[in-house]
Amino acid sequence: MAITAKQVKELREKTGAGMMDCKKALTECNGDEAKAVDWLREKGIAKSAKKAGRIAAEGLTKVAIDGNTAVIAEVNSETDFVTKNEQFLNLVDTVVTAILAGKPETVEEVLALETPEGTIDELITNATATIGEKISFRRFVVIEKTDDQQFGSYMHMGGSISALVVMTGATPEVAKDMAMQVASMNPQYITLKDVPADVVEHERALQKQMMAEDPKMAGKPEKVLEGILNGKISKHFKDVCLMDQEYFKDTKEKVAQFLKQNHAEVLQFVRFQAGEGIEKKEENFADEVMAQING
């Protein structure tokens, strides 16, 4: 019978085994999930299953560049301690190297990439079992540039935060400065023009409502109110638009001024902070102990 991607995904989530192993187990067991779980346990492949439900909210990010191709990626662990583990560090290096070579488009494609030691998915499963914490690959971006463009990159504290920028007219020093700006100041957009219309409209409606409830605004002409409203919107987005931010090396000037002086322009940027947006939770140690006893 044909094995679906949904079946493989569900078995992988239940056992912590690699995708290829899960597919093989389901094939051997004619799609029977319960029998496939037993098959994996018998083969010793599901040895990291009891860790599959944990939250991997720490980890590292990394930038790698090869010619006109750059990769920024994130690999997660449960604790910050593991980010200093040699096996984990080697795994992160292997992941970004494989992405640079294979240029995949999805996380699933990354996990299926082959390395001399096995697929990325298999390496992650083995690392989870060996290190004793849940290890997971979370996200990545592959960026291509032209010959006349420049990459700038920066990794803070070994990869707790990484930033990658694509620029024109930039020296290596200016490109790195912009990557450091992105890493430290966390802009969301390059300019106000890049903010999605629905985000701007939501802020406009909110500010308009606040102004309507402000007695100081009563009786002002419509044209004046519109000017005040636009000013409030611009001020709100100033901190999240790269060009309007204070330049981190000289807070007396804006990033836009610094770039103009250096005849450079930022075309694109990506910033990853390890664990951002992942909801952390305390472990239920009683359940963990019972899982180990029953496992």
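In this predicted model, strand β8 (residues 246-247) pairs with strand β9 (residues 250-254) in the antiparallel sense, over two bridges. The two strands form a hairpin, with two residues between β8 and β9. Within this pairing, E246 stands opposite K254 of β9.

Three strands take part, in the order β6-β7-β10, and their pairing is antiparallel. The edges are held by β6 (149-156) and β10 (265-273); each has a single partner strand, so one side of each is left without a neighbour in the sheet. Direction ignored, neighbouring strands of this sheet are turned by 15 degrees against each other on average. Strand β7 (residues 161-168) is joined to β10 by eight bridges, and the two run antiparallel. V165 stands opposite F269 in β10. Helix α7 (residues 172-185) lies across β6, β7 and β10, and runs at about 135 degrees to β7.

The side chain of S162 makes a polar contact with the side chain of T61, at 2.7 Å. Not counting residues up to four places away in sequence, S162 touches T61, K62, V63, I72, Y154, M155, V270, R271 and F272.

The helices give a further packing case. The axes of α4 (residues 86-102) and α6 (residues 120-131) come within 11 Å and cross at roughly 170 degrees. Angles over 145 degrees count as roughly antiparallel, which means that α4 is roughly antiparallel to α6. On the α4 side the contact is made by Q87, F88, L91, T94, V95 and A98, and on the α6 side by I120, L123, I124, N126, A127, T130 and I131. By class, this contact of α4 with α6 has nine nonpolar and four polar residues, and no charged ones.

K232 belongs to another helix, α9 (residues 222-238). Leaving aside neighbours within four places in sequence, K232 is in contact with Q207, M211 and M217. The C-alpha atoms of K232 and I124 are separated by 48 Å, with the two residues 108 apart along the chain.

Two loop residues have a positive phi without being glycine. For N30, phi is near 55 degrees, and the residue lies in the loop between α2 (19-28) and α3 (33-42). For H263, phi is about 55 degrees, and the loop in question is the one between α10 (255-261) and β10.

| Residue | Relative accessibility | Class |
|---|---|---|
| K232 | K232: 33% | K232: partly exposed |
| N30 | N30: 55% | N30: exposed |
| H263 | H263: 68% | H263: exposed |

The cut-off for exposed is over 50%. N30, at 55%, therefore counts as exposed, and H263, at 68%, is likewise exposed. K232, at 33%, counts as partly exposed.

Technical notes
Residues are numbered from 1 along each chain as its sequence is written. This is a predicted model: local features need pLDDT of at least 70, side-chain atom pairs count only at pLDDT 80 or more; totals for chains, interfaces and linings use all residues. Side-chain values use heavy atoms; hydrogens and water are left out. Axes are lines fitted to C-alpha atoms, for helices over the stretch in contact, and angles run from 0 to 180 degrees between N-to-C directions. Helices (H or I, at least four residues) and strands (E, at least two) are DSSP runs, numbered from the N terminus. Angles under 35 degrees count as roughly parallel, over 145 as roughly antiparallel, 65 to 115 as roughly perpendicular and the rest as oblique. Contact means heavy atoms within 4.5 Å. Ala, Val, Leu, Ile, Met, Phe, Trp, Tyr, Cys and Pro count as nonpolar, Asp, Glu, Lys and Arg as charged, and the others, Gly among them, as polar. Two strands pair if DSSP finds at least two bridges between them. A polar contact is a pair of N or O atoms within 3.5 Å; within protein, one must be able to donate a hydrogen and the other to accept it, and residues adjacent in sequence count only if both atoms are side-chain atoms. Buried means under 20% relative accessible area, exposed over 50%, partly exposed in between (1.4 Å probe, protein chains only).
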